[in-house]
Structure formats: structure tokens, C-alpha cells
Amino acid sequence: MKFLKLFLIIFILNLSSCFAKELDFNEIYYFSPIYKLDFMSNGKGLLYVDEEKFNFDYEVEINNGLIFITLKDDSFTSLFARENFSKCLILQGSIVGIDNPRLKNFSFGFCNKTNDWGNKGCVISPVKEDSILGSTQKTFSNVTSYLIEKNNSYKIENLNNYSPDTPWVENAPGNGIGEGFTIVDTCGHKFSYLLLMNGYISFDKPYLYSQNGRIKKLKITSCNSGVSKVVDVLDTPHPQTVDISFLPEADDIRIEIADVYHGTKYQDTCLNFCQLVDCEIKPKFDKPINSSMK
């Protein structure tokens with residue numbers, strides 16, 4: 001019995017240690033041309049304002065797989081009081097084939113600052129300007145359905161926008177199996193991967209990720225050749241890619257929902273972002289989790 005208790009204690013400590021490393025955050029972002037945020041390890045950070053430098057503390061919380069960073073230093077927060085900036089949402093993946101942790105990070109950052117149009121979720125940019133999204137397809141057509149709800153319209157064009165609260169939401173009876181759209185070939189380039197951010201991603205209502213359906217499997221078909229394959233999609237809001245290198249040529253690509261992760265409250269199936277790219281990206285987490293680290 002003593003041996004069993006000791007084993008369990010060691011197991012839990014090791015598990016906690018591994019999970020803490022997953023929550024540890026280490027990346028640089030630009031909030032504006034003059035503000036640079038360096039989120040270092042262990043909840044310590046540096047703010048650079050022109051030639052000045054400020055220390056601050058931060059906490060990391062995981063809610064439905066979404067990474068939220070709350071700034072804890074009073075002087076830092078007061079500096080940004082007029083900007084209403086105290087919390088960030090980070091969606092993070094890593095580019096396969098790059099060893100340097102900071103260079104391989106592929107991420108989108110948002111903060112609770114209200115922008116010039118009165119909307120929350122103003123983007124903070126990662127330090128690494130990446131051309132991955134610069135040459136990708138941006139035209140969608142032949143969508144089977146989309147949800148219109150009160151003042152919100154969740155159209156297929158939303159897939160061009162990686163910001164929170166802007167998903168494409170299907171509107172068919174049931175959970176959306178068979179619903180889909182076409183990615184139009186506009187440049188004649190054969191891409192190898194489809195970049196996705198799954199589900200309904202929200203800054204203020206992170207629970208909407210689990211309450212709504214997410215894509216579990218996609219049927220991907222070349223419109224000219226008819227070559228088709230069903231691929232798996234991870235249940236995570238973070239950037240991920242699925243391999244479409246089996247497609248024989250540059251072509252319009254038909255995307256259809258083949259299976260879903262069921263929402264706890266709604267049957268609607270949501271997809272936040274979709275883009276064709278040439279590199280493999282693995283998400284920060286491969287499933288939605290909830291935890292916190294101070």
C-alpha cells in the first residue's frame with residue numbers, strides 16, 4: 001500500500017510538471033509600433049516602450065483549450081489604462097521542421113483593447129512576420145448553408161478572418177454532416193496543407209467552443225479529377241494543418257463535413273478559419289482542456 005501511494009504521488013508530480021511546461025509561455029508580440037511585449041517563461045515579462053523597459057508579471061489560464069494571459073503588474077496595467085489592455089488571447093501552433101522554439105511559433109494574438117470601431121479583440125502581432133498566409137487562397141464558393149442569428153451572419157467569408165467570434169457556422173438540420181464549400185483555385189498553385197482553426201472561438205465566451213459542434217473529419221475532393229479522401233481534424237481551437245498533398249494538381253477543392261465532435265448545448269458545427277498553405281503546423285494542444293497556472 002505504501003509503495004502504491006508513493007507511485008501515485010510520483011506520477012501526479014510528473015504529470016503536473018509536464019502540464020506546467022505545456023502552459024509555460026515564451027513569445028514576443030507587438031501591441032503597436034512602439035509597444036513590444038516579451039512574455040518570458042515562469043510568468044515574467046518585459047514591456048518595451050521606445051527606449052524604456054518595464055517588468056511585469058502575468059498569469060496563464062487555459063479555457064476550452066484557449067490560452068488567456070492576464071497581466072498582473074499594477075504599474076503595467078495603469079500604463080495601458082487608457083488602452084483598456086489587461087488580457088490577451090493566444091492561438092498558437094508550431095511549424096514542423098524548425099527547431100528554435102521562438103522561430104517556429106505560428107500564432108495569432110488578440111487583446112481586450114477596444115479598437116477604433118468599438119469592438120474588442122484588437123490584434124497583437126507576433127514578432128515573426130510570416131509569409132505563410134500571404135500567398136494563400138481567399139475565395140470560397142458553393143457553400144451549402146450558413147447561420148443567420150439575430151444581428152449576426154456567420155457567412156462562409158468569415159473563414160478569411162482569424163479573429164475571435166467570426167466563424168462559419170452551417171445551418172442544416174442536425175449536426176452538419178455533408179455541409180461544405182469549395183475553395184476556388186485562383187493562382188494555379190498546388191498546396192500541400194489545409195490550415196484550420198476549429199470550432200467557435202470567442203474572447204469573452206470561451207465556453208462556446210465546447211457548446212457548439214466542431215469538425216472531426218473532412219472529406220476533401222479535387223473538383224476536376226474527383227480524387228477524394230477523408231481526413232481527421234483535431235478537437236482544438238489552435239492552428240492545425242491537414243495533409244492534402246494526395247490531390248494530383250492545382251484545382252478547386254471541395255470541403256465537406258464528414259463527422260463532428262458534438263457540442264454540449266448546440267448542434268451547430270463551427271469552423272473559425274480555413275486557408276491553404278505549404279507547411280505543416282501542429283497545434284499547441286490537440287484537445288480542449290481547462291486549467292490555470294500562476
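1. Buried means under 20% relative accessible area, exposed means over 50%, and partly exposed is in between, using a 1.4 Å probe and protein chains only. At 14% relative accessibility, Ile 289 therefore counts as buried. Ile 289 sits in the loop between strand E20 (281–283) and strand E21 (291–293). Here strands (E, at least two residues) and helices (H or I, at least four) are DSSP runs, numbered from the N terminus. Ile 289 and Ile 67 are 222 residues apart in sequence, yet their C-alpha atoms are 10.0 Å apart in space.

2. Some ground rules. This is a predicted model, where local features need pLDDT of at least 70, side-chain atom pairs count only at pLDDT 80 or more, and totals for chains, interfaces and linings use all residues. Residues are numbered from 1 along each chain as its sequence is written, and side-chain values use heavy atoms, with hydrogens and water left out.

3. Aromatic pairs. Rings of Phe, Tyr and Trp (its six-membered ring) pair if their centres lie within 6.5 Å; planes under 30 degrees apart count as stacked, over 60 as edge-to-face, and the rest as tilted. The count by this rule is 13 aromatic pairs. In one of them, the rings of Tyr 29 and Phe 39 have centres 6.5 Å apart and planes at 70°, so the pair is edge-to-face. Tyr 29 belongs to strand E1 (residues 27–32) and Phe 39 to strand E2 (residues 35–39), so the pair ties together parts that are 10 residues apart in sequence. Tyr 29 is buried, at a relative accessible area of 0%. Phe 39 is also buried, at 0%.

4. A pair that spans more sequence is worth checking in the viewer. The rings of Phe 108 and Phe 273 have centres 6.1 Å apart and planes at 65°, so this pair too is edge-to-face. Phe 108 lies in strand E7 (residues 105–111) and Phe 273 in strand E19 (residues 269–277), so the contact ties together parts that are 165 residues apart in sequence. Phe 108 is buried, with a relative accessible area of 6%. Phe 273 is buried as well, at 1%. Both belong to one aromatic cluster, formed by Phe 106, Phe 108, Phe 110, Tyr 162 and Phe 273.

5. Charges over rings. The criterion is NZ of Lys or CZ of Arg within 6 Å of the ring centre and within 35 degrees of the ring normal. The charged end of Lys 36 sits over the ring of Tyr 48, 4.5 Å from the ring centre. Lys 87 has its charged end over the ring of Phe 68, 4.8 Å from the centre.

6. Nonpolar core. Such a core is a set of buried Ala, Val, Leu, Ile, Met, Phe, Trp, Tyr and Cys residues joined through side-chain atoms within 4.5 Å. The largest has 24 residues, and Phe 181, Leu 194, Leu 218, Ile 220 and Cys 274 touch the most other members. Two or more residues come from each of strand E13 (180–183), strand E14 (193–198), strand E15 (213–222), strand E18 (253–261) and E19. E18 gives the most to this core, with 4 residues.

7. Largest pocket. On a 1 Å grid over the protein atoms alone, a pocket is an open set of points with protein on both sides within 12 Å along at least five of seven lines; a cavity is a set where a 1.4 Å probe fits but cannot get out; lining residues have an atom within 4 Å of a point. Grid points are joined across faces, edges and corners, and a volume is the space filled by probe spheres set on the points. The largest pocket holds about 460 Å³ of space. Its lining has 20 residues, with Asn 152, Tyr 154, Tyr 200, Lys 205 and Leu 208 nearest the centre. E11 gives the most to this lining, with 3 residues.

8. Largest cavity. There is 1 cavity of 30 Å³ or more. The largest cavity holds about 60 Å³ of space. It is lined by 11 residues, of which His 189, Lys 190, Phe 191, Asp 251 and Ile 253 lie nearest its centre.

9. Backbone check. Lys 150 has a positive phi of about 55° although it is not a glycine. Lys 150 is in the loop between E10 and E11, and is exposed, with a relative accessible area of 83%.
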